[in-house]
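Here is a short report on one protein chain. Look through the sequence and the fold first, then read on.

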Amino acid sequence: MKILHFYRTYHPDTFGGVEQLIRQMAVSTTRLGVTNEVLTLTRSKEHPELEFEGHKVHRARLNFEIASTGFSWSALSRFVELAREADVIHYHFPWPFMDLAHLLGRIKKPTVVTYHSDIVRQKLLLKFYQPLKYWFLNDVDRIVATSPNYLATSPILERYKDKTEIITYGLDKSIYPQPALDTLNKWRQQLGQRFFLFVGMLRYYKGLHILLEAAANTSMPVVIVGDGPVEAELKQQARALGLNNVHFLGALPEEDKVALLTLCYAMVFPSHLRSEAFGISLLEGAMFGKPMISSEIGTGTTYINLADQTGLVVPPNDPGALRNAMQFLWNHPQRAEEMGRRAYERYQALFTSEQMARGYVGLYQRVMENSAGRMAQLSSV
């Protein structure tokens, strides 16, 4: 069984949540006998094809971007070529160029879409894109929602509930590097014994401006790992607030990130908009047995983090509530430890890559069988 994943960015160019999900999916389904390939866009002029952890990555040159949507003319022809050889095309939504490629390529192969997020911010452009979006979602065979929370609250998925099923994200801890003792000691000495950790791209919907306000006038250390479009304004806000307890570490190698996940006291994840559909780094916190703080935004964040069980859940865009939650965990270490233990148990029960892989392999097999049945009916007419 050969699967072609199509998404706008991927390793080694970017390391966001969807890229991590595709990586985990490819590695875990490969163990079940699936051959995975990924087609993505790149700014690099070198290495158009790479081998990455047992699967091939095809990289088409990015030509231009409109509202964060990458376009590539070479990707259109490359997509058609690779689709011919694939048994199933696995799309990762949203990416309007992908919908266009599906239309222009006249793809007739079995198709699966993982619906990672509604489009929240681009209201004006969404009006022009909407006809293409609905045509695309009507045309594909099956849609996957990544949590029951998101399926229940997305008006788009509500239109397609008869062709939508739930397969949650899953992670495999064994593919994360084991940090060296020197690396652990380095961060322990630099950051101390207890700190709150955020990991992720620094984007508008991550709510980090709320976290900075929550950290003001406290002594609780907060560590922010990642870079992104709002990094400069966040650092300016931190200076204006006089935050000596907030540490911006930028993007770090995977070993350092794992060291910080190992050492941190708790994960704080203040995303306040529905663009945050799941929260891979929040799930990483659960995998490392950490208590979590997140906001109730009707998405997968509160499917990972159950209020008062695996952590605390606060209203979105409420610095005071976030500060109170952080102070509660800080002042109740035994309760925090219990929540971290439950978070790890929930990860093991629901969010392993093995469970995700079995779900997707079963789905691939069903869409292939349904497609073969349709072709047989057509040929008999």
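## Ground rules

A polar contact is a pair of N or O atoms within 3.5 Å; within protein, one must be able to donate a hydrogen and the other to accept it, and residues adjacent in sequence count only if both atoms are side-chain atoms. This is a predicted model, in which local features need pLDDT of at least 70, side-chain atom pairs count only at pLDDT 80 or more, and totals for chains, interfaces and linings use all residues. Residues are numbered from 1 along each chain as its sequence is written, and side-chain values use heavy atoms, with hydrogens and water left out.

## D118 and its partners

The side chain of D118 makes a polar contact with the side chain of Y115, at 2.6 Å. The D118 side chain also makes a polar contact with the side chain of R274, at 3.0 Å. D118 is found in the loop between β8 (111–115) and α4 (123–139). Helices (H or I, at least four residues) and strands (E, at least two) are DSSP runs, numbered from the N terminus.

Is D118 buried or exposed? D118 counts as buried because its relative accessibility is 9%. Buried means under 20% relative accessible area, exposed over 50%, and partly exposed in between (1.4 Å probe, protein chains only). Leaving out residues up to four places away in sequence, D118 touches Y150, S154, P155, I156 and R274. Contact here means heavy atoms within 4.5 Å.

## Helix α2: one side in, one side out

Helix α2 covers residues 73–85. The buried residues of α2 are A75, L76, F79, L82 and A83. They cover an arc of only 140 degrees around the axis, so they sit on the same side of α2. The arc is that of the directions from the helix axis to the C-beta atoms.

The face turned away from the buried side carries the exposed residues W73, R84 and E85. What covers the buried residues of α2? The cover includes β1 (2–6), β2 (35–42), β4 (55–61), β7 (88–93) and α3 (96–104).

## Strand β4 and its neighbours

Strand β4 is largely enclosed by the rest of the structure, because 5 of its 7 residues are buried. β2 and β4 run parallel and are joined by 6 bridges. L41 has A60 as its bridge partner in β4. Two strands pair if DSSP finds at least two bridges between them.

Strand β3 (residues 49–52) runs antiparallel to β4, with 4 bridges joining them. Here L50 has V57 as its bridge partner in β4. The hairpin of β3 and β4 has 2 residues between the strands.

## Backbone exceptions

E53 lies in the loop between β3 and β4. E53 is not a glycine, yet its phi is positive, about 50 degrees. With 38% relative accessibility, E53 counts as partly exposed. N317 is another residue other than glycine with a positive phi, near 60 degrees. N317 is placed in the loop between β16 (311–314) and α13 (319–331). With 49% relative accessibility, N317 counts as partly exposed.

Which peptide bonds are cis? The bond from H11 to P12 is cis, with omega near 5 degrees. P12 is in the loop between β1 and α1 (17–30). A cis peptide bond also joins F93 and P94, with omega about 10 degrees. P94 is found in the loop between β7 and α3.

## Nonpolar cores

A nonpolar core is a set of buried Ala, Val, Leu, Ile, Met, Phe, Trp, Tyr and Cys residues joined through side-chain atoms within 4.5 Å. The largest has 87 residues. Those with the most contacts inside it are F196, L197, I224, L283, I293, M326 and L329. Apart from it lies another core, of 35 residues, among them I89, F97, I143 and I156.

## Helix α11 and the annotated span

Helix α11 (residues 280–287) is largely enclosed by the rest of the structure, because 8 of its 8 residues are buried. Among them are L283, E284 and G285. Just after α11, G289 takes a positive phi of about 70 degrees.

UniProt, in an unreviewed entry, places the feature "domain: Glycosyl transferase family" at residues 186–346. UniProt positions are given in the numbering used here, feature names are shortened, and annotations may be inferred rather than shown by experiment. The end C-alpha atoms of residues 186–346 lie 31 Å apart. The span is 46% helix and 16% strand.
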